[in-house]
Structure formats: structure tokens, C-alpha cells
Amino acid sequence: MSVPCDQELTTSGTTSAASEDRRTATTDRRALTLRTLFASGLSPRRKAGRRALDHELPVDFHDPRLLVPVVALLLLSITDAFLTVRLISGGAYEANPLLAFVLSEHPRLFATVKMGLTGLGVTLLVVLARARVFKVVRASAFLYGLAAAYLALIAYEAWLISRIS
């Protein structure tokens, strides 16, 4: 007699109720939890996808070389915040409408909002670093491009400050 693989035959030839219950779990072990995020950050398991099509999906382990543009972007963002405040005190205005609103309405939150937005953007780019944008360039290249653009912005702001002084 043929029996499904999740049911076992007892000595009397019938299926046992205990074998049917053993496969039912109360929680899904694959569910994403806060513990999962912390555990994967401390001991990553997957450095690449299992299949060729999975190589662009987010993984637990990120290339250590991404630390350089990430730290550079965050430091340049802090520098930009200081230079922006210095320029505004000299008569300039903030070009970003969201940050201009925060600066005019809640000036003490300006640096927090600026660093939060930069941090979220950088985190998103790191998570998606392996993905290809328009099937051409990896998202990690945007981290290096943004760091170069931020450096140019800092140079421009420094030039503006030298003109004001």
C-alpha cells in the first residue's frame, strides 16, 4: 500500500496521528526578525547567492571595500552640514527644499535630519550593492560616484566661503 511521505504506517497498517503533528510548527523559522538581523551582522552565513540568478540579491556579507566610500560619505556629509551652516550665516540659502524647511523651522534638527537621510541612503546602497542598475552598472559604483560628487560639493562650498570672507 502506498502512503504519503509525511505519514508513517503503524503496526496495524494505519497512519499515526503523531507523525502528522510533527511537521506543524508554530513559527516560521525563515521569518525575518530583529534577532536575525543582529545575528547575520555578527556572523554572516551567505557571501553569495546559491544560484547564478541569485548573485545580485542582498546577502548577509558585504564587501569590506565598501567601508571606505561609506565612511567617506558620512564624513563628507558632516562637513557639508558645517559648511552649509557657515554659508547660510553669510547670506546663502539651502538648495535642498526638505533641508531648507528643516533648517528654517527646526534648526537644531538640521544635522540630525541630514545625517539620517544620508545614512539611510548609504545603507540602502550597501544592501543593494550587488544589484545592477539598468542591467549595466552595480549599485556599489554609485557609492564611489556619490563620494566623488560630495567631495566636489565640499570643494565648491569651501570656494564659496573663501569668496564670502
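Which residues have the most contacts inside the largest nonpolar core? Keep that in mind while you set up the view; the answer comes at the third stop.

**Before you start**

This is a predicted model, in which local features need pLDDT of at least 70, side-chain atom pairs count only at pLDDT 80 or more, and totals for chains, interfaces and linings use all residues. Residues are numbered from 1 along each chain as its sequence is written, and side-chain values use heavy atoms, with hydrogens and water left out.

**Stop 1: the whole chain**

Show the cartoon first. The protein chain has 6 helices and 2 strands, and its elements run α-α-α-α-α-β-β-α from the N terminus on. Helices (H or I, at least four residues) and strands (E, at least two) are DSSP runs, numbered from the N terminus.

Of the 165 residues in the protein chain, 22% are buried. Here buried means under 20% relative accessible area, exposed means over 50%, and partly exposed lies in between (1.4 Å probe, protein chains only). Accessible areas come from the Shrake-Rupley method with a 1.4 Å probe, and for residues only the protein chains shown count as cover.

Among contacts between residues at least 6 apart in sequence, 52% join residues at least 24 apart.

**Stop 2: helix 6**

Now select residues 140–164. Helix 6 has 25 residues and reaches 37 Å from its first C-alpha to its last, close to the 36 Å expected at 1.5 Å a residue. That expected span is 1.5 Å times one less than the number of residues.

Colour its buried residues next: Ser-140, Leu-143, Ala-147, Tyr-150, Ile-154, Glu-157 and Ile-161. An α-helix has 3.6 residues a turn, so residues three or four places apart point the same way. The buried residues of helix 6 pack against helix 3 (67–89), helix 5 (110–127) and strand 2 (137–138).

Zoom in on Ser-140, which sits in helix 6 and is buried at a relative accessible area of 18%. Leaving aside neighbours within four places in sequence, Ser-140 is in contact with Leu-66 and Ala-129. Then step to Val-137 in strand 2, which is partly exposed at 32%. With neighbours within four places again left aside, Val-137 is in contact with Ala-131, Arg-132 and Phe-142.

**Stop 3: the nonpolar core**

Here is the answer to the opening question. Select Leu-66, Val-70, Leu-73, Val-122, Val-126 and Leu-143: these have the most contacts inside the largest nonpolar core, which has 16 residues. Helix 3, helix 5 and helix 6 each supply at least two residues of this core. A nonpolar core is a set of buried Ala, Val, Leu, Ile, Met, Phe, Trp, Tyr and Cys residues joined through side-chain atoms within 4.5 Å.

Centre on Val-70 to look around: leaving aside neighbours within four places in sequence, Val-70 is in contact with Val-122, Val-126 and Leu-143.

**Stop 4**

Which residue forms a salt bridge with Asp-80? Select Lys-114: the closest N and O atoms of the pair are 2.7 Å apart. The pair links distant parts of the chain, with Asp-80 in helix 3 and Lys-114 in helix 5, 34 residues apart. A salt bridge is a side-chain nitrogen of Lys or Arg within 4 Å of a carboxyl oxygen of Asp or Glu, and a search of the whole structure finds 1.

Asp-80 is buried, because its relative accessible area is 5%, and Lys-114 is buried at 6%. Not counting residues up to four places away in sequence, Asp-80 touches Lys-114, Tyr-150, Leu-153, Ile-154 and Glu-157.

**Stop 5: along helix 3**

Stay in helix 3 and pick Thr-84. Thr-84 counts as buried because its relative accessibility is 7%. Not counting residues up to four places away in sequence, Thr-84 touches Glu-94, Phe-110 and Glu-157. Draw a C-alpha distance from Thr-84 to Ala-95: the two are 11 residues apart in sequence and 9.9 Å apart in space.

Finish on the surface with Leu-67, Val-71, Leu-75, Ile-78 and Phe-82, a nonpolar patch with about 500 Å² of accessible area together. Patches are made of residues with over 30% relative accessible area and no salt bridge, like charges being joined within 9 Å and nonpolar side chains (Val, Leu, Ile, Met, Phe, Trp, Tyr) within 5 Å. Val-71, in helix 3, is partly exposed at 38%.

Technical notes
Contact = heavy atoms within 4.5 Å.
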